[in-house]
Amino acid sequence: MNETPTVGDIETRLQLHVAWLEERAGGERLVMRKADLRNVDFSGTILHMADFSGADLRGARMPGSFLRTINLTGAKLDGANLHHSDLDFAHLAGASLIDCDLRYASLRSAYLSRSDLRDARLAHADLSGATLTHADLQGASLHSALLVGTYFRQALLLATDFSESHPEEACLFGASLNGSIGISPSLRA
């Protein structure tokens, strides 16, 4: 990890980021690559277009945050709370989201290839158009999730809960579906 910022430093940098998004003088894009941000509270913050690639965000709290097009490539978000967050178009390739709370989150067109979402809670999440190629979703809950055009090519979906989610609207080509709930026999063929 490169840095462990203080709470004061994070607050200042968040203010500069908002100024940057609003194109105000002195604004600066929030870049915290490989930072140690374990258990930090980002609840309800605007992190649109921020760069947290490779950051350690295990246990972070981000419910209700605006995270569109955020770069979380290779980030560690195990046990993080992203409940009701907007992650549309987010970059999460290779990210670790084990046991992450993504209930009611919006992940439309998000890029999650090769991400680890084992035991993640995605109930009622909107994954329309998201790419989860080679992702590991073993034991994840996608109960009542929106999956229109979601791309699960070659994904590990063992014991994944798809109940009430209409997985027939997603691309499941080459996905491992053994033990999954809510998958019709025709989709397993």
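This is a predicted model: local features need pLDDT of at least 70, side-chain atom pairs count only at pLDDT 80 or more; totals for chains, interfaces and linings use all residues.
Biologist: With which residue does Arg103 form a salt bridge, and how far apart are the closest N and O atoms?

Modeller: As a general idea, side chains of opposite charge can pair when their charged atoms come close. A salt bridge is counted where a side-chain nitrogen of Lys or Arg lies within 4 Å of a carboxyl oxygen of Asp or Glu. In this structure the partner of Arg103 is Asp101, and the closest N and O atoms are 2.7 Å apart.

Biologist: How many helices and strands does the chain have?

Modeller: Both kinds of element are DSSP runs numbered from the N terminus: helices (H or I) need at least four residues and strands (E) at least two. This chain has two helices and zero strands. The helices are α1 (7-21) and α2 (185-188), and His48 is placed in the loop between them. Arg103 also has its place in the loop between α1 and α2.

Biologist: Are Arg103 and Asp101 buried, partly exposed or exposed?

Modeller: A residue is buried under 20% relative accessible area, exposed over 50% and partly exposed in between, with a 1.4 Å probe and protein chains only. Arg103 is partly exposed because its relative accessibility is 32%. Asp101, by contrast, has a relative accessible area of 6% and is therefore buried.

Biologist: Which residues does Arg103 contact, apart from its neighbours in sequence?

Modeller: Contact means heavy atoms within 4.5 Å. Leaving aside neighbours within four places in sequence, Arg103 is in contact with His83, His84, Arg121 and Ala123. Arg68 lies 35 residues from Arg103 along the chain, and their C-alpha atoms are separated by 16 Å.

Biologist: What lies 2.8 Å from a polar atom of the side chain of His48?

Modeller: That atom is the backbone oxygen of Arg68. Such a polar contact is a pair of N or O atoms within 3.5 Å; within protein, one must be able to donate a hydrogen and the other to accept it, and residues adjacent in sequence count only if both atoms are side-chain atoms. Not counting residues up to four places away in sequence, His48 touches His17, Leu21, Phe66, Leu67, Arg68 and Thr69.

Biologist: How many salt bridges does a search of the whole structure find?

Modeller: The search finds 15. One of them joins Glu22 to Arg24, with the closest N and O atoms 2.7 Å apart. Arg24 is partly exposed because its relative accessibility is 45%; the value for Glu22 is 49%, so this residue is partly exposed as well. Another salt bridge pairs Arg61 with Asp41, the closest N and O atoms being 4.0 Å apart. This pair links distant parts of the chain, 20 residues apart, with each residue in the loop between α1 and α2.

Biologist: How many aromatic pairs are counted, and how are their rings arranged?

Modeller: Rings of Phe, Tyr and Trp (its six-membered ring) pair if their centres lie within 6.5 Å; planes under 30 degrees apart are stacked, those over 60 edge-to-face and the rest tilted. The count here comes to two aromatic pairs. The rings of Phe42 and Phe52 have centres 5.8 Å apart and planes at 75°, so this pair is edge-to-face. Phe42 and Phe52 are ten residues apart, each in the loop between α1 and α2, and both are buried. For Phe152 and Phe162 the centres are 6.0 Å apart and the planes at 90°, so that pair is edge-to-face too. Phe152 and Phe162 likewise lie ten residues apart in the loop between α1 and α2. Phe152 counts as buried because its relative accessibility is 0%, and Phe162 because its value is 1%.

Biologist: What share of the chain is buried, and what box do its C-alpha atoms fill?

Modeller: Of the 189 residues, 48% count as buried. Taken along the principal axes, the box is roughly 55 × 30 × 20 Å.

Key:
Residues are numbered from 1 along each chain as its sequence is written. Side-chain values use heavy atoms; hydrogens and water are left out.
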